[in-house]
Amino acid sequence: MKFSNWELLGGGLLVSAWVFWGAIMSGNVLVHVDEKSIHASLRLAEEADAAPTAAAKGPVDFGNALPLLAKADVEAGHKSFKKCETCHTGVQGGPNKVGPNLWDIVGRDKGAAPGFSYSSAMTGAEGNWTLEDLDKFLASPKDFVKGNKMTFVGLRKADERAAVIAYLRTLSPAPKPIP
Ligand code: HEC
């Protein structure tokens, strides 16, 4: 078989086109791999940057007071409750002050003290005040019920929270069981 010059030229062009195409493709692949790893390292750098800010601004973990409840010091809780008494009474039939009366608060419907004018955030909060919800609320009131009007920073220490919740639990004709 004998190729004419034109055929050879055509074949040559075809081969170069393939080689060229191949080069572009492998080039692309390399570029993509590079982009990926660049993005990955950028992301890592961003995360490293964001971490301290998130810790400072984001929801902070104040621990879990529930495991401490069974052994909590009710008397210490009574003392800490003085902080709450600026705004709350805890006795049966006690008046609402800046905040609602807290008699029998464990297990009580959220935002349900008769005659107290709650924020819509609090009346809109779902469910009853379980021990768990009280723990989360008292750790950081503004984070647990967003937009509520209890201007109290919270009890950051889990053992103090456990003591206060253990005391709140006693403000009831029939204290709820500790899980
Ligand atoms: C500066 C006043 C203030 C202090 C101090 C305060 N609270 Fe409150 N608290 C409020 C107000 C006001 C509300 C109602 C919030 C709303 O309607 O958004 C409230 C609501 C509550 C509720 C929800 C009651 C319900 O009926 O749903 C609980 C539980 C509660 N407070 C517990 C405490 C405890 C425990 C302390 C002390 C560790 C405390 N508060 C300290 C003002 C205060």
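A residue counts as near a molecule or strand if one of its heavy atoms lies within 4 Å of it. With that cut-off, 27 residues surround the ligand, and the closest are Cys-84, Cys-87, His-88, Ser-119 and Met-150.

Before I go on, please keep in mind that this is a predicted model, in which local features need pLDDT of at least 70 and side-chain atom pairs count only at pLDDT 80 or more, while totals for chains, interfaces and linings use all residues. Residues are numbered from 1 along each chain as its sequence is written, and side-chain values use heavy atoms, with hydrogens and water left out.

Let me start with the overall fold. The protein has seven helices and zero strands, where helices (H or I, at least four residues) and strands (E, at least two) are DSSP runs numbered from the N terminus. Of its 179 residues, 30% count as buried, buried meaning under 20% relative accessible area, exposed over 50%, and partly exposed in between, with a 1.4 Å probe and protein chains only.

Now to the iron. Which residues are the protein donors of the iron atom of the ligand? They are His-88, through NE2, and Met-150, through SD, lying 1.9 to 2.1 Å from the iron; donors here are N, O and S atoms within 2.8 Å of the metal (3.2 Å for Na, K and Ca), and because water is not among the atoms, sites may look incomplete. His-88 lies in the loop between helix 3 (82-85) and helix 4 (120-123), and Met-150 in the loop between helix 6 (141-144) and helix 7 (158-170), so the pair ties together parts that are 62 residues apart in sequence. As for accessibility, His-88 is buried, at a relative accessible area of 10%, whereas Met-150 is partly exposed, at 23%.

An oxygen atom of the ligand is 2.9 Å from an N or O atom in the side chain of Arg-108, and an oxygen atom of the ligand is 2.7 Å from a polar backbone atom of Gly-111.

Asn-148 is found in the loop between helix 6 and helix 7, and Asn-148 is buried, with a relative accessible area of 13%. What does its side chain reach? A polar atom of the Asn-148 side chain lies 2.8 Å from the backbone oxygen of Val-145, and a polar atom of that side chain lies 2.8 Å from the backbone nitrogen of Met-150.

Finally, two residues in the loop between helix 3 and helix 4: Pro-114 and Tyr-118. Pro-114 counts as exposed at 73% relative accessibility, while Tyr-118 counts as buried at 16%. The C-alpha atoms of Pro-114 and Pro-100, 14 residues apart along the chain, are separated by 8.5 Å, and those of Tyr-118 and Gly-99, 19 residues apart, by 8.4 Å.

How values were computed. Polar contact = N/O pair within 3.5 Å; in protein donor to acceptor, adjacent residues only side chain to side chain.
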